[in-house]
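Please look through the sequence and the structure before going on to the points below.

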Amino acid sequence: MALLDNIPGFKVFSVGIGLAALAIVGWLVYANFFKPPSDLKSLQREALDDALEQLAEHYSQVVRENGEQRLVVMPVLGDTSNSEIRARMLDRLNEVAGLKAVKPPDPDLEERATGIFKSVLGKQTPDDPQKVFEKAAEADEVVQARATTKSGADSGKCELDLMRIVRSQDKDRKASIAQPLVITGLSGSAKVKEEENSGPGFWASTWGVIWRMLIVLAAVAIIPFASWPAARFVFSRDSNWANGALLLALTLLDVVVLFATVAFELSTPVAICALVLLPVAGFVNLRVLNAIEERG
């Protein structure tokens, strides 16, 4: 080793080998023990995340109303081979302040809960829900989700149907089967379309239509008079081309005002309004410009 140490650069090389080996070991440990499973396609995973955001908001509301909650998450029906959906569900729910989501603490709880959920799915009379909490007195709710994920070329969809056994918040802590939760998550073009359809839109509010209409009508009435100096200058050139260009510019400026009221977002209602506005604004501008020309 002393001989090797005398070789120029050997110490740096050996340190580099050691760091590389340490990095490889660290990556193997992370990949085998800490890295979350990754079975879903990207659009499916984005749709799942969208559904989990909605689920997290639901339990945020539960925490706000009832205080800290402890949730037992059963295996997800329709999960991936590496249980990615359940893993991501646990991670997201544990990010909710005041909520602790865990796997079943003992096999008995999972077996009893599974039996109850199967009886509910089979529309049979379920066992007493209270038995689920015999060895989990600290739990507030037991949840089992059924997941359906699918994706196309540019969109994804994830449906989560959650069956729940909940305990009342009074001193009796009586358990009961709650109404199931049905959550739909979207991704890609499906999510964009959903957001567009759920937005207020141009015609969603009567007041929104009225104030836009007033602004556009005011622009149609004011802009030609505001252009009086420019109109007189154009008329002094005695050019039909210049007169036509001025009329076109004033008319297009009225249309620009219309689009400014909707932040220049093109939509079908706005396009229809623009087509209606063009002849109206053109007629008004023409009459005003003729009046200006006659007055000299």
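Is glutamate 138 buried, partly exposed or exposed? Its relative accessible area is 43%, so glutamate 138 is partly exposed: the value lies between the 20% under which a residue is buried and the 50% over which a residue is exposed. The model is predicted, and the points below set this residue in the context of the chain.

**The chain as a whole**

- The chain has 296 residues, and 34% of them are buried.
- Its secondary structure consists of ten helices and five strands.
- Among contacts with a separation of 6 or more, 67% are between residues 24 or more positions apart.
- The chain has an accessible surface of about 18,200 Å², and carbon and sulfur atoms contribute 60% of that surface.

**Helix α3 and its end**

- Helix α3 covers residues 42-66, which is 25 residues.
- From the first C-alpha to the last, α3 reaches 36 Å, close to the 36 Å expected at 1.5 Å a residue.
- Glycine 67 follows α3 and has a positive phi, near 85 degrees.

**Salt bridges**

- The count of salt bridges in the model is ten.
- In one of these, the side chains of glutamate 84 and arginine 45 meet, with 2.7 Å from N to O. Glutamate 84 belongs to helix α4 (residues 84-93) and arginine 45 to helix α3, so the pair, 39 residues apart, links distant parts of the chain. Both glutamate 84 and arginine 45 are buried.
- Another salt bridge joins the side chains of arginine 70 and glutamate 138, at 3.9 Å from N to O. Because arginine 70 is in strand β1 (residues 69-73) and glutamate 138 is in the loop between α5 (107-121) and β3 (141-151), the pair ties together parts that are 68 residues apart in sequence. Arginine 70 has 29% relative accessibility and therefore counts as partly exposed.
- Arginine 164 and glutamate 141 also form a salt bridge, with their closest N and O atoms 3.5 Å apart. Arginine 164 lies in strand β4 (residues 155-167) and glutamate 141 in strand β3, so this pair ties together parts that are 23 residues apart in sequence. Arginine 164 is buried because its relative accessible area is 12%, and glutamate 141 counts as buried at 5% relative accessibility.

**A nonpolar patch on the surface**

- Leu248, Leu252, Leu275 and Leu278 form a nonpolar patch on the surface, and together they have about 370 Å² of accessible area.
- Helices α9 (240-260) and α10 (268-295) are the elements that give two or more residues to the patch.
- Residues three or four places apart in an α-helix point the same way, because the helix has 3.6 residues a turn.
- Leucine 275 is located in helix α10. With 60% relative accessibility, leucine 275 counts as exposed.

- Leucine 186 is found in strand β5 (residues 175-188). Its relative accessibility is 15%, so leucine 186 counts as buried.
- In sequence, leucine 186 and alanine 51 are 135 residues apart, while in space their C-alpha atoms are 7.4 Å apart.

How values were computed: Residues are numbered from 1 along each chain as its sequence is written. This is a predicted model: local features need pLDDT of at least 70, side-chain atom pairs count only at pLDDT 80 or more; totals for chains, interfaces and linings use all residues. Side-chain values use heavy atoms; hydrogens and water are left out. Helices (H or I, at least four residues) and strands (E, at least two) are DSSP runs, numbered from the N terminus. Buried means under 20% relative accessible area, exposed over 50%, partly exposed in between (1.4 Å probe, protein chains only). Contact means heavy atoms within 4.5 Å. Accessible areas come from the Shrake-Rupley method with a 1.4 Å probe; for residues, only the protein chains shown count as cover. The expected span of a helix is 1.5 Å times one less than its number of residues. Patches are made of residues with over 30% relative accessible area and no salt bridge: like charges are joined within 9 Å, nonpolar side chains (Val, Leu, Ile, Met, Phe, Trp, Tyr) within 5 Å. A salt bridge is a side-chain nitrogen of Lys or Arg within 4 Å of a carboxyl oxygen of Asp or Glu.
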